[in-house]
Each structure stands twice: as C-alpha cells, then as structure tokens.
Amino acid sequence: RSPNVVGFVVNGAVLPRASGASDLPMVGSGRSTVVPFLSPPSLEMCFTLPNRGKVVGMGIPKGVTLIVGGGYHGKSTLLQALQVGVYNHVPGDGRELVALHSTAVKVRSEDGRSIGCVDISTFISNLPQALNSSQFTSMDASGSTSQAANIVEALEAGSKVLLLDEDTCATNFMIRDARMQKLVSRDKEPITPFLHRVRELYSLHGVSTILVMGGCGDYFDVADTVLMMDHFSAKDVTAEAKAIASSHPSDCAIPPAPTPVAFALFRPRLPMPEQALPVLSGKFSAKTVGTILFGDGHELDLRFVEQLVEKGQTTALAHCIVFLCHLWKGNGVSQRLSLPQSLQLLEDELDHGEEGRGLDALSMPQQASRLPLSRPVPGHNCLGTFSRPRRTEIAAALNRFRLLRFVIG
C-alpha cells in the first residue's frame, strides 16, 4: 500500500512456470537453471510484514514503466507474474510476495469481440462511413477497436493500472512510424496510437501503465521507468534509455497533450437487459474458466480476460450477470443504474450485505431488486461453488455478453 508504487516483486521469487500448461513453479534440471528474482538496487525497497518480518524486493513506481529486453529473457514472464499479483498465492508457488495494485487490468487486442456503446474517441475518431466512435458499437470488433474499448472499459470499472504486452497488442494501435505517417496522412488515419496517449493517462487521470515493449524505442520518450530483463535478471536502464532518446530523436511526433475535458475516457452507460432476460431465465453454467453457456447456445467467451484464474470465479460471473439483469429489470427504465453504479451496488452486497450474506447473494437473483438482501431463509439452496471475481472481471463479462445492450446515460 505504498503511495508511490503500484507493484512489488520480492527478492528470491521464482517467476517462471513449469510449462505453459502448468501453474507450478519451474524447477531447474540439467543445463536448465532457475534464476531467482533480484531487484535492481535503484528500485529496491524494504518493509516489514507482521507475520513475515523484513521483506526486500523491487518496487514498481507509479507512472509509465517499460519492460524491455531480448526475446526469451523474461519480459513476459515478469508481466505474467505481476498480472496474477492481484491475488494471494499458496506457499510454494514462488510468487507469494509478488503483488500488484488490486485494480490492475491486463489489456490486449481481441478481434471479434462485441462492443456496446463505448466511447473510444480518445483513441479512435473520424471513422469511415461516419461511424460514431463516441458511442462505438460492433458485434465483430477489430484488433485496434477492441483494444481501445478494453482500455476504456477497464477505466470505467475503476482500474488505476494497465498491463500490456506488445505480443498481444494491435500493432497499429500501439505505434505508427514516420514512414507510415508520410504514406498514410493523419487525416486518413482514425487511430491515435497508444504512444500518444499513455503519458496523459497518468498525468491527467492517475492511471499507471506497465508495458512489455521489446521492439519500439519510441516509448523511451514517455516512460518514467525502463526495466531491462537480461538473462532473467532485472536491471534499471532508465538513464540509458533517456540518453538514447535524447541522442536519437524519434520521428514519431507526439502531439500536444489534450485538455482534461478533451481527454474524456468514458461516459456513463446504462445497461438494457430486455433482450437478455429470456435467455437468462433458463439454464446456464461455466463450462471452463473462459467460457459460460447460457440457454441452448449463447456462449460468453472470456478466454482473453486473462486474470480469471479459477472456474469458481467464472461460475460466480454467470450468476453476477443474472443477478444484475434482474436488478435492472426491477428498477425499470426510468430508474436504470449506470454500469459503475451497478457494480458498486453488487460489490457492496458481496462485501457487506445485511448480516453478511456475501457471495450467497448471487444464489437469489430474483430478489436483486430489493437490495440489500436479508440472510437466506432456512433451507435455501446456497450453491457454495463461487470464488470471488473482482469488479473488473464482472465488468469484463458484462461488456462481452452479446445479448446485453448499452445506451449512453
């Protein structure tokens, strides 16, 4: 909870996993050795835990942090460890004391996802055929529009830290080099690259970014901290990166910072559940961590919501959708809540609730219009199969549910 950092990696942490299909820590064998994490001296911080004593490791400062380095040197491994640092870990995991701001969201491109009335005009505007990017709606989004929507939706849900890996980002959303700018003029390109917005995300909105970037040095200009992974060892190379940026100026001109009014990231959206309610009255279940099936074939694809880690969370998300749709139906159109208001009401019920109902509230969706709920009557069927999802994952599931419509409030 340090006011100046958004993440922490303890010295000695084992970040690599045994394989891409295993969450167990890697164990060295033969020529393969596991390199325990060690903080660069300039980023080292120390604090005392009540049941652990003195803890030393790397603090990741607020602002814009780049993770750079060669291929297979540990960049994505560090980011993957951080993205699950929003959860506690069991002893022996190797990442027990890897922690990240509780609202952090991993953002990526997501071709084909649905988008409902999201204001992506900060990143994308002047679309062909007079498409309205301030209320952008699509049943088959592109890489760039999906990534823009993912960022705006994360911030709408309250995220203060964004995680991005260039390997899973839309290239044209991240950068446009000087040659491409000359060939495709600004008036013909609707996308404002993330490079031109990441600085203002922090300076105007206090949103930090941790970005794996191994192929574009233009981000040196906007970074506060540059961390290099070299043979799985972390080095603070901020001074070197800034010197390179100074001696080799970029041709990718960054436009003047927009005003806070112009840099509006979202407007309140009102969920419209009428089309979804008939389907939600039937059977539904979480088939995998990344898939929910409603009715006879309405599939909710959450595979790219990368911070879901357990099927119980996905089960709870299915019930959250049903619960909130009943809440919106009960309130009627004239008293409809915005998505942030709805998320807050649901979180209040899960956190506190009258007499501490907690996750059991999700097993009584028909009573959602009478919040706060009372404790279930004796004999009520409380499922006991839920794991608590974060507010940001609840929002992600609602935003990807194709039968749920949104309008600007």
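Tutor: Let's start with the buried residues of helix H1, which are Lys75, Ser76, Leu78, Leu79, Ala81, Leu82 and Gln83. Buried means under 20% relative accessible area, exposed means over 50%, and partly exposed lies in between (1.4 Å probe, protein chains only). H1 spans residues 75–83 and is mostly covered, with seven of its nine residues buried. Helices here are DSSP runs of H or I with at least four residues, strands are E runs of at least two, and both are numbered from the N terminus.

Please keep in mind that this is a predicted model: local features need pLDDT of at least 70, side-chain atom pairs count only at pLDDT 80 or more, and totals for chains, interfaces and linings use all residues. Residues are numbered from 1 along each chain as its sequence is written, and side-chain values use heavy atoms, leaving out hydrogens and water.

Next comes helix H2 (residues 143–156), where Glu153 is found. Glu153 counts as buried because its relative accessibility is 4%. Leaving aside residues up to four places away in sequence, Glu153 touches Arg113, Val118, Arg269, Asn399 and Arg400; contact means heavy atoms within 4.5 Å.

Now for the strands. Six of them form an open sheet with mixed pairing, in the order E8-E11-E12-E6-E13-E14. Its edge strands, E8 (105–106) and E14 (233–236), each pair on one side only; two strands pair if DSSP finds at least two bridges between them. Strands E6 (residues 64–68) and E13 (residues 225–230) run parallel and are joined by four bridges.
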